[in-house]
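Have a look at the model first, then read on.

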Amino acid sequence: MKNPNQQVQINPNWAQLQQKLKSHGPKPPATETPATILGKRKERTDAELDDSLSHVNPLTPVNDDCSVTDEVAMDCEMVGVSQGNKSALGRVTLVNKWGNVIYDEFVRPLEHVVDFRTQISGIRPRDLRKAKDFRIVQKRVAEFIKGRILVGHALRNDLKALLLSHPKEDLRDTLEYEPFMRGKGSRRALRHLAAEFLDVQIQNGEHCPVEDARAAMVLYQKNKKAWERRVKDQIKLKQKQTKRKPKKKRKEGDDLKTDLAETAP
């Protein structure tokens, strides 16, 4: 039987190791997170996220609000009628200031379609089989744009196809906006404006009226402050010119005719 008071002899190597641990003391907790494989993977994910955010498509709506705003953008696609060289409305799209679609309809032209111009318009025969009558669409579009700022590219062509008019002071046409022009009033295509000012590619192949309307609206919104200031200055200048315009002087012959008329029996 072992004596309980007898001391157990400790291995010298073990005793030496314990002594070293006591002399060094407990290590303080690390203040910085060590660079682990998991940490590197997280950093790489964050970098990729930042890169993806910097390349978000500016034409993507920022919300899902489809209400009709004070500013609406319009784009139309045409088909060929008559002998194919005459354009007629085939589709019309309206978006609000956030780029959400508020109206998008294929249109049955008043004349027989001989060229769908699919390579550009994106319109196919099946799209017009159940399309709405031109007069119905025309009336609906007129209701949407009445009293509102109308944004678009080459709006004169779109309004002509719709057989509609709109007050000039309420038009915001990216084709006619002087800061977008190059050289001496050289007008530029919408795809070139989108590439330069929005860093986005559009109209590569078939045109999408939703995309085109959104591009015009984003171009307007990005330049809205300067654009509206320019419009106000143009209106003021026109008013001044109207006031300064001299009244037509009556010719001596006109005065003589008036006198003769007054003295005639």
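The axes of α8 and helix α9 (residues 224-244) come within 5 Å and cross at roughly 80°. That makes α8 roughly perpendicular to α9 (65 to 115 degrees). On the α8 side the contact (heavy atoms within 4.5 Å) is made by Y220, Q221 and K222, and on the α9 side by K224, W227 and E228. These residues divide into two nonpolar, one polar and three charged.

This is a predicted model, where local features need pLDDT of at least 70, side-chain atom pairs count only at pLDDT 80 or more, and totals for chains, interfaces and linings use all residues. Residues are numbered from 1 along each chain as its sequence is written, and side-chain values use heavy atoms, with hydrogens and water left out.

Now to the other helix pair. Helix α7 (residues 190-198) and helix α8 (residues 209-222) have axes that come within 10 Å and cross at roughly 50°. α7 passes α8 in a left-handed crossing. The contact brings together L190, L193, F197 and L198 of α7 with D212, A215, A216, V218, L219 and K222 of α8. Here the division is eight nonpolar, no polar and two charged.

| Helix pair | Axes come within | Crossing angle |
|---|---|---|
| α7 and α8 | 10 Å | roughly 50° |
| α8 and α9 | 5 Å | roughly 80° |

What about disulfides (cysteine sulfur atoms within 2.5 Å)? A search of the whole structure finds zero. C208 is partly exposed, with a relative accessible area of 30%.

Methods:
Axes fitted to C-alpha atoms, helices over the stretch in contact; angles between N-to-C directions. Helix = DSSP H or I, 4+ residues; strand = E, 2+ residues; numbered from the N terminus. Left-handed = near helix turned anticlockwise from the far one by under 90°. Nonpolar A, V, L, I, M, F, W, Y, C, P; charged D, E, K, R; others polar. Parallel < 35°, antiparallel > 145°, perpendicular 65-115°, else oblique. Disulfide = S-S within 2.5 Å. Buried < 20%, exposed > 50% of the residue type's maximum accessible area, 1.4 Å probe, protein only.
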